Amino acid sequence: EAGVAQSPRYKIIEKRQSVAFWCNPISGHATLYWYQQILGQGPKLLIQFQNNGVVDDSQLPKDRFSAERLKGVDSTLKIQPAKLEDSAVYLCASSLDRDRGNTFGSGTRLTVV
Amino acid sequence: GEDVEQSLFLSVREGDSSVINCTYTDSSSTYLYWYKQEPGAGLQLLTYIFSNMDMKQDQRLTVLLNKKDKHLSLRIADTQTGDSAIYFCAVKSGSARQLTFGSGTQLTVLP
């Protein structure tokens, strides 16, 4: 089966600019996650979708981050405006249901200068 | 919320066994996972164990779970240089089954 697709692979922006990341999960996977992985740390969950509804967004900085999953398939994560501390790898993952293991995409490496 | 802790570094000689340890705090955790991350790559699911199991073996990998002490370990037998990577312990807990990661253990395999 095809894996979790993410784009772009790399992005460099200036602070205060906006940026968007795209994720296409594995076909049929109901649960979709966005994680932020800062260098040297483990991934931190930003938001979790079950189909097209938000299950958990308690760690999403809602003043600047937003995410949507229209039609319960693809998802986009947006940052506006970006800060230097947003430099990280943004990982998308999906799972068949909440109890199964997550399959991760290769991530988008964001550098904010 | 859940807190997952791992030691940061482990070095072993090629052919030896590696044991990577992890502790967690939420006793209602359901599934516990081990992921591998190589440089510049995403996370690869290695193995998992359900909370009602004590041990799971999968080829060179053995997972041990001590639910009383909230301690999880990953043993890699006959460690090879290709096993050099960062290994993350991750735990699903809570009603939404949030997956919480540890900070990762950098495994270095010396020839």
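1. Chain B and chain A bury about 1,500 Å² between them. Of this area, 48% is on carbon and sulfur atoms. Buried area is the accessible area (1.4 Å probe) that two parts lose on being put together, summed over both. The model is predicted: local features need pLDDT of at least 70, side-chain atom pairs count only at pLDDT 80 or more, and totals for chains, interfaces and linings use all residues. Residues are numbered from 1 along each chain as its sequence is written, chains are lettered from A in the order in which they are written, and side-chain values use heavy atoms, with hydrogens and water left out.

2. Who touches whom? On chain B, 19 residues are in contact with 23 residues of chain A. Contact means heavy atoms within 4.5 Å.

3. Five residue pairs are in polar contact between chain B and chain A, both residues at pLDDT 80 or more. A polar contact is a pair of N or O atoms within 3.5 Å; within protein, one must be able to donate a hydrogen and the other to accept it, and residues adjacent in sequence count only if both atoms are side-chain atoms.

4. Which strand of chain B supplies the largest share of the side that touches chain A? Strand 4 does, with four residues. Strands here are DSSP runs (E, at least two residues), numbered from the N terminus.

5. Now the open sheet of chain A. Its four strands stand in the order 1-3-8-7, with antiparallel pairing. Two strands pair if DSSP finds at least two bridges between them. Strand 1 (5–7) and strand 7 (65–68) are the edges, and each pairs on one side only. Inside this sheet, strand 3 (residues 19–24) and strand 8 (residues 75–79) of chain A are joined by five bridges. Cys23(A) has Ser75(A) as its bridge partner in strand 8.

6. Next, a hairpin. Strand 5 (residues 44–50) and strand 6 (residues 53–56) of chain A pair antiparallel over three bridges. Gln48(A) is bridged to Asp56(A). Two residues lie between the strands. Asn51(A), in that loop, has a positive phi of about 55° although it is not a glycine.

7. Check two cis peptide bonds. One runs from Ser7(A) to Pro8(A), with omega near -5°. Pro8(A) sits in the loop between strand 1 and strand 2 (10–13) of chain A. The other joins Gln80(A) and Pro81(A), with omega about -5°. Pro81(A) is in the loop between strand 8 and strand 9 (88–95) of chain A.
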